[in-house]
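Have the sequence and the 3D view ready, and follow along one spot at a time.

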Amino acid sequence: MIRPVDSLLEYLSAQQARGISHLHLDPDARSGLRALSERLRTGKPGTGVPAVVATASVRPPPVRVLQLDELAPQEVTSPPPLPAPQLLIEGASRAEKLASLQRQADAWPPARALGSLREVLVFATGNPEARLMFIGDAPGYEEEKKRLPFVGPAGQQLDKILTAMGVARSDVYLSNIVKFRPATARQTTNNRPPSTAEIAACLPLLHQEIAIVRPQCIIALGGSAADGLLGRGGDVAALRGAWHEHAGVPLRVTYHPSQLLLAAHDTQVRRLVWEDLLAVMERCGMPISDKQRGFFPPKP
Ligand code: URA
(Lines give C-alpha, C1' and ligand atoms only; values in the text may rest on other atoms or scores of the structure.)
Protein backbone atom coordinates (compact mmCIF):
# COMPACT_ATOMS: atom_id res chain seq x y z
CA MET A 1 0.00 0.00 0.00
CA ILE A 2 1.29 3.44 -0.81
CA ARG A 3 1.18 5.62 2.30
CA PRO A 4 0.51 9.37 1.89
CA VAL A 5 3.90 10.08 3.36
CA ASP A 6 5.60 8.02 0.63
CA SER A 7 4.05 10.07 -2.14
CA LEU A 8 4.97 13.24 -0.29
CA LEU A 9 8.57 12.11 0.16
CA GLU A 10 8.76 11.05 -3.45
CA TYR A 11 7.47 14.44 -4.55
CA LEU A 12 9.89 16.35 -2.31
CA SER A 13 12.84 14.19 -3.41
CA ALA A 14 11.99 14.95 -7.02
CA GLN A 15 11.94 18.68 -6.23
CA GLN A 16 15.23 18.39 -4.36
CA ALA A 17 16.81 16.53 -7.28
CA ARG A 18 15.80 19.47 -9.48
CA GLY A 19 17.69 21.72 -7.08
CA ILE A 20 14.61 23.25 -5.47
CA SER A 21 15.28 23.91 -1.82
CA HIS A 22 12.39 26.20 -0.89
CA LEU A 23 8.69 25.84 -1.39
CA HIS A 24 5.87 27.71 0.23
CA LEU A 25 3.19 25.91 2.25
CA ASP A 26 -0.29 27.33 2.15
CA PRO A 27 -2.27 27.05 5.41
CA ASP A 28 -4.12 23.90 4.27
CA ALA A 29 -0.90 22.15 3.37
CA ARG A 30 0.61 23.20 6.69
CA SER A 31 -2.22 21.73 8.74
CA GLY A 32 -2.18 18.66 6.51
CA LEU A 33 1.47 18.06 7.25
CA ARG A 34 0.92 18.63 10.96
CA ALA A 35 -1.85 16.08 10.94
CA LEU A 36 0.29 13.63 8.99
CA SER A 37 3.14 14.02 11.42
CA GLU A 38 0.74 13.50 14.33
CA ARG A 39 -0.61 10.38 12.68
CA LEU A 40 2.86 8.97 12.13
CA ARG A 41 3.80 9.74 15.74
CA THR A 42 0.73 8.27 17.41
CA GLY A 43 -0.44 5.79 14.80
CA LYS A 44 -3.89 7.44 15.05
CA PRO A 45 -5.54 9.74 12.53
CA GLY A 46 -5.08 13.36 13.53
CA THR A 47 -7.93 15.80 13.69
CA GLY A 48 -8.92 17.84 10.71
CA VAL A 49 -6.80 15.86 8.24
CA PRO A 50 -7.38 17.35 4.81
CA ALA A 51 -8.54 14.90 2.17
CA VAL A 52 -5.26 15.06 0.30
CA VAL A 53 -3.40 13.62 3.27
CA ALA A 54 -6.12 11.38 4.66
CA THR A 55 -6.45 9.43 1.42
CA ALA A 56 -3.65 7.31 0.01
CA SER A 57 -3.46 9.53 -3.01
CA VAL A 58 -0.27 9.55 -5.08
CA ARG A 59 -1.04 13.10 -6.16
CA PRO A 60 1.47 15.62 -4.86
CA PRO A 61 0.23 17.52 -1.82
CA PRO A 62 -1.18 21.00 -2.30
CA VAL A 63 2.23 22.51 -1.89
CA ARG A 64 3.00 25.81 -3.54
CA VAL A 65 6.16 26.89 -1.81
CA LEU A 66 7.51 24.82 1.07
CA GLN A 67 10.40 25.84 3.30
CA LEU A 68 12.66 22.81 3.42
CA ASP A 69 14.41 23.87 6.55
CA GLU A 70 16.76 20.97 6.72
CA LEU A 71 18.40 21.83 3.41
CA ALA A 72 21.09 24.44 3.13
CA PRO A 73 20.51 26.00 -0.32
CA GLN A 74 24.21 26.20 -1.07
CA GLU A 75 24.46 22.43 -0.80
CA VAL A 76 21.72 21.80 -3.32
CA THR A 77 22.74 21.15 -6.89
CA SER A 78 21.19 23.85 -9.02
CA PRO A 79 18.87 22.83 -11.82
CA PRO A 80 20.12 23.51 -15.35
CA PRO A 81 19.89 27.26 -15.99
CA LEU A 82 16.70 28.47 -17.60
CA PRO A 83 17.41 30.54 -20.73
CA ALA A 84 16.88 34.23 -19.95
CA PRO A 85 13.69 35.58 -21.51
CA GLN A 86 14.08 38.31 -24.10
CA LEU A 87 14.07 41.69 -22.37
CA LEU A 88 12.01 44.32 -24.15
CA ILE A 89 12.99 47.70 -22.83
CA GLU A 90 10.40 50.42 -23.28
CA GLY A 91 10.60 54.14 -22.59
CA ALA A 92 12.57 57.13 -23.78
CA SER A 93 14.46 58.33 -20.71
CA ARG A 94 16.86 56.21 -18.68
CA ALA A 95 14.44 56.31 -15.74
CA GLU A 96 11.61 54.97 -17.93
CA LYS A 97 13.83 52.26 -19.34
CA LEU A 98 14.92 51.19 -15.86
CA ALA A 99 11.28 51.11 -14.75
CA SER A 100 10.50 48.88 -17.73
CA LEU A 101 13.40 46.59 -16.81
CA GLN A 102 12.32 46.51 -13.17
CA ARG A 103 8.82 45.34 -14.17
CA GLN A 104 10.35 42.44 -16.09
CA ALA A 105 12.74 41.62 -13.25
CA ASP A 106 9.93 41.26 -10.73
CA ALA A 107 9.28 37.55 -11.23
CA TRP A 108 12.44 36.87 -13.24
CA PRO A 109 11.96 33.25 -14.38
CA PRO A 110 15.66 32.17 -14.33
CA ALA A 111 15.89 33.32 -10.69
CA ARG A 112 12.56 31.75 -9.71
CA ALA A 113 13.53 28.45 -11.36
CA LEU A 114 16.49 28.02 -9.00
CA GLY A 115 14.23 27.85 -5.96
CA SER A 116 17.05 29.14 -3.75
CA LEU A 117 16.30 32.86 -3.92
CA ARG A 118 13.53 34.61 -2.03
CA GLU A 119 10.70 36.30 -3.84
CA VAL A 120 10.97 40.01 -3.07
CA LEU A 121 12.71 41.93 -5.83
CA VAL A 122 15.31 44.44 -4.62
CA PHE A 123 16.11 46.24 -7.83
CA ALA A 124 18.34 49.30 -7.57
CA THR A 125 18.35 52.85 -6.31
CA GLY A 126 19.91 56.19 -7.18
CA ASN A 127 20.39 58.33 -10.19
CA PRO A 128 19.66 56.79 -13.62
CA GLU A 129 22.04 59.41 -15.09
CA ALA A 130 24.80 58.66 -12.58
CA ARG A 131 28.41 58.59 -13.67
CA LEU A 132 29.29 56.14 -10.88
CA MET A 133 27.62 52.74 -10.59
CA PHE A 134 28.32 50.70 -7.44
CA ILE A 135 27.50 47.01 -7.63
CA GLY A 136 27.23 44.75 -4.60
CA ASP A 137 26.43 41.07 -4.30
CA ALA A 138 22.85 40.58 -3.14
CA PRO A 139 20.26 42.13 -0.84
CA GLY A 140 20.14 41.07 2.78
CA TYR A 141 17.47 41.17 5.47
CA GLU A 142 17.23 44.98 5.72
CA GLU A 143 17.32 45.46 1.97
CA GLU A 144 14.53 42.95 1.45
CA LYS A 145 12.42 44.64 4.12
CA LYS A 146 12.80 48.06 2.51
CA ARG A 147 13.11 46.77 -1.07
CA LEU A 148 16.16 48.95 -1.53
CA PRO A 149 19.82 47.99 -1.91
CA PHE A 150 22.41 48.95 0.67
CA VAL A 151 20.18 50.11 3.51
CA GLY A 152 21.54 47.76 6.21
CA PRO A 153 24.85 47.92 8.08
CA ALA A 154 26.93 47.50 4.90
CA GLY A 155 24.86 50.26 3.31
CA GLN A 156 25.61 52.59 6.20
CA GLN A 157 29.28 51.87 5.67
CA LEU A 158 28.86 52.62 1.97
CA ASP A 159 27.14 55.91 2.87
CA LYS A 160 30.25 56.91 4.84
CA ILE A 161 32.41 56.12 1.83
CA LEU A 162 30.18 58.22 -0.42
CA THR A 163 30.33 61.11 2.04
CA ALA A 164 34.13 60.89 2.06
CA MET A 165 34.06 61.01 -1.74
CA GLY A 166 31.86 64.12 -1.59
CA VAL A 167 28.90 62.54 -3.37
CA ALA A 168 25.34 61.91 -2.20
CA ARG A 169 23.52 58.61 -2.48
CA SER A 170 21.18 60.29 -4.93
CA ASP A 171 24.15 61.18 -7.19
CA VAL A 172 25.20 57.58 -7.77
CA TYR A 173 23.50 54.39 -8.93
CA LEU A 174 23.49 51.46 -6.48
CA SER A 175 22.63 47.96 -7.55
CA ASN A 176 23.40 44.30 -6.91
CA ILE A 177 24.48 41.43 -9.08
CA VAL A 178 21.64 39.32 -7.61
CA LYS A 179 18.26 40.96 -7.21
CA PHE A 180 16.68 38.67 -4.62
CA ARG A 181 17.85 37.79 -1.14
CA PRO A 182 19.56 34.37 -1.12
CA ALA A 183 17.57 32.00 1.07
CA THR A 184 19.00 29.94 3.89
CA ALA A 185 17.65 27.20 6.12
CA ARG A 186 15.59 28.54 9.04
CA GLN A 187 16.26 32.07 7.84
CA THR A 188 15.58 34.98 10.12
CA THR A 189 17.95 37.92 9.78
CA ASN A 190 20.85 35.82 8.53
CA ASN A 191 22.16 36.37 5.01
CA ARG A 192 24.46 34.49 2.70
CA PRO A 193 26.42 35.43 -0.40
CA PRO A 194 24.89 34.43 -3.73
CA SER A 195 25.94 31.22 -5.49
CA THR A 196 27.42 31.10 -8.98
CA ALA A 197 24.10 29.86 -10.37
CA GLU A 198 22.22 32.72 -8.68
CA ILE A 199 24.66 35.25 -10.10
CA ALA A 200 24.34 33.77 -13.60
CA ALA A 201 20.53 33.81 -13.37
CA CYS A 202 20.37 37.53 -12.54
CA LEU A 203 23.27 38.76 -14.66
CA PRO A 204 21.19 39.61 -17.78
CA LEU A 205 19.30 42.16 -15.66
CA LEU A 206 22.48 43.88 -14.54
CA HIS A 207 23.84 43.87 -18.11
CA GLN A 208 20.73 45.78 -19.16
CA GLU A 209 21.06 48.23 -16.27
CA ILE A 210 24.63 48.98 -17.32
CA ALA A 211 23.53 49.42 -20.93
CA ILE A 212 20.77 51.83 -19.87
CA VAL A 213 22.68 53.91 -17.29
CA ARG A 214 25.96 53.89 -19.24
CA PRO A 215 28.01 55.03 -16.22
CA GLN A 216 31.44 56.51 -16.62
CA CYS A 217 32.78 54.01 -14.14
CA ILE A 218 31.64 50.82 -12.39
CA ILE A 219 32.80 49.92 -8.90
CA ALA A 220 32.45 46.21 -8.12
CA LEU A 221 32.10 45.82 -4.37
CA GLY A 222 33.47 42.47 -3.27
CA GLY A 223 34.29 39.16 -4.89
CA SER A 224 30.82 38.12 -6.09
CA ALA A 225 30.27 41.34 -8.05
CA ALA A 226 33.82 41.21 -9.44
CA ASP A 227 33.49 37.60 -10.52
CA GLY A 228 30.07 38.11 -12.07
CA LEU A 229 31.21 41.09 -14.10
CA LEU A 230 34.71 39.99 -15.03
CA GLY A 231 34.45 36.19 -14.92
CA ARG A 232 37.90 35.93 -13.42
CA GLY A 233 37.11 34.61 -9.96
CA GLY A 234 36.36 36.65 -6.89
CA ASP A 235 39.80 37.28 -5.42
CA VAL A 236 39.50 40.96 -4.56
CA ALA A 237 43.13 41.23 -3.43
CA ALA A 238 44.24 40.04 -6.87
CA LEU A 239 41.78 42.14 -8.88
CA ARG A 240 41.84 45.46 -7.04
CA GLY A 241 44.39 48.21 -7.66
CA ALA A 242 44.03 48.03 -11.45
CA TRP A 243 41.57 49.05 -14.14
CA HIS A 244 39.36 46.47 -15.80
CA GLU A 245 36.58 46.85 -18.30
CA HIS A 246 33.03 45.59 -18.54
CA ALA A 247 31.06 46.20 -21.75
CA GLY A 248 33.41 49.05 -22.57
CA VAL A 249 32.96 50.72 -19.17
CA PRO A 250 36.03 51.12 -16.94
CA LEU A 251 35.62 48.99 -13.85
CA ARG A 252 37.41 49.05 -10.54
CA VAL A 253 37.19 46.24 -7.98
CA THR A 254 37.39 46.98 -4.29
CA TYR A 255 36.49 45.37 -0.99
CA HIS A 256 32.85 45.10 -0.03
CA PRO A 257 31.76 47.58 2.68
CA SER A 258 30.90 44.62 4.91
CA GLN A 259 34.60 43.78 4.87
CA LEU A 260 35.22 47.19 6.45
CA LEU A 261 32.72 46.32 9.16
CA LEU A 262 34.47 43.03 9.82
CA ALA A 263 37.87 44.70 9.88
CA ALA A 264 36.74 47.77 11.83
CA HIS A 265 40.18 48.33 13.32
CA ASP A 266 42.17 47.34 10.27
CA THR A 267 43.22 50.61 8.65
CA GLN A 268 44.97 48.70 5.88
CA VAL A 269 41.68 47.55 4.28
CA ARG A 270 40.27 51.08 4.64
CA ARG A 271 43.36 52.51 3.02
CA LEU A 272 43.09 50.11 0.08
CA VAL A 273 39.40 50.89 -0.46
CA TRP A 274 40.16 54.59 -0.33
CA GLU A 275 43.01 54.21 -2.84
CA ASP A 276 40.61 52.43 -5.22
CA LEU A 277 38.04 55.17 -4.85
CA LEU A 278 40.56 57.96 -5.35
CA ALA A 279 41.52 56.22 -8.59
CA VAL A 280 37.83 56.19 -9.58
CA MET A 281 37.44 59.88 -8.76
CA GLU A 282 40.52 60.74 -10.79
CA ARG A 283 39.34 58.69 -13.76
CA CYS A 284 35.93 60.39 -13.68
CA GLY A 285 37.43 63.87 -13.41
CA MET A 286 35.88 64.47 -9.99
CA PRO A 287 37.43 67.17 -7.80
CA ILE A 288 39.74 65.79 -5.13
CA SER A 289 40.77 68.03 -2.24
CA ASP A 290 44.08 67.86 -0.39
CA LYS A 291 42.12 66.68 2.62
CA GLN A 292 40.71 63.78 0.63
CA ARG A 293 44.13 62.90 -0.73
CA GLY A 294 45.50 62.97 2.79
CA PHE A 295 42.92 60.76 4.50
CA PHE A 296 45.57 58.09 4.70
CA PRO A 297 49.05 59.56 4.85
CA PRO A 298 51.58 57.81 2.62
CA LYS A 299 53.32 54.96 4.37
CA PRO A 300 56.76 55.90 5.68
N1 URA B 1 25.34 43.85 0.55
C2 URA B 1 25.25 43.97 -0.78
O3 URA B 1 26.13 43.56 -1.51
N4 URA B 1 24.18 44.57 -1.29
C5 URA B 1 23.21 45.05 -0.54
O6 URA B 1 22.26 45.59 -1.09
C7 URA B 1 23.33 44.91 0.84
C8 URA B 1 24.40 44.31 1.37
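Below are some ground rules, then the ligand, a strand and a single residue.

## Before we start

This is a predicted model, in which local features need pLDDT of at least 70 and side-chain atom pairs count only at pLDDT 80 or more, while totals for chains, interfaces and linings use all residues. Residues are numbered from 1 along each chain as its sequence is written, and side-chain values use heavy atoms, with hydrogens and water left out.

## Around the ligand

Which residues sit around the ligand? They are Gly136, Asp137, Ala138, Glu143, Pro149, Phe150, Asn176 and His256, where being near takes a heavy atom within 4 Å. This shell splits into three nonpolar, three polar and two charged residues. Here Ala, Val, Leu, Ile, Met, Phe, Trp, Tyr, Cys and Pro count as nonpolar, Asp, Glu, Lys and Arg as charged, and the others, Gly among them, as polar.

Now for some polar atom pairs, meaning N or O atoms within 3.5 Å of each other. A polar side-chain atom of Asn176 is 2.8 Å from a nitrogen atom of the ligand. Phe150 uses a polar backbone atom, 2.9 Å from an oxygen atom of the ligand. For Ala138, a backbone N or O atom lies 3.3 Å from a ligand nitrogen atom. The ligand taken alone exposes 240 Å², and the protein buries 92% of that (areas by the Shrake-Rupley method with a 1.4 Å probe).

## A strand under cover

Five of its five residues are buried, so E5 is largely enclosed by the rest of the structure; buried means under 20% relative accessible area, with a 1.4 Å probe and protein chains only. In a regular strand, side chains alternate between the two faces of the sheet. On one side of E5 you'll find Leu132, Phe134 and Gly136, and on the other Met133 and Ile135, all of them buried.

E5 pairs in the parallel sense with strand E8 (residues 217-221) over four bridges, pairing being at least two DSSP bridges. Leu132 has Cys217 in E8 as its bridge partner. Four bridges also join E5 to strand E6 (residues 173-176), again running parallel, and Phe134 has Leu174 in E6 as its bridge partner.

Is Leu121 buried or exposed? At 6% relative accessibility, it counts as buried. Leu121 belongs to strand E3 (residues 117-121). Although Phe180 is 59 residues away in sequence, its C-alpha is 5.3 Å from that of Leu121.

Definitions and conventions: Polar contact = N/O pair within 3.5 Å; in protein donor to acceptor, adjacent residues only side chain to side chain. Buried < 20%, exposed > 50% of the residue type's maximum accessible area, 1.4 Å probe, protein only. Helix = DSSP H or I, 4+ residues; strand = E, 2+ residues; numbered from the N terminus.
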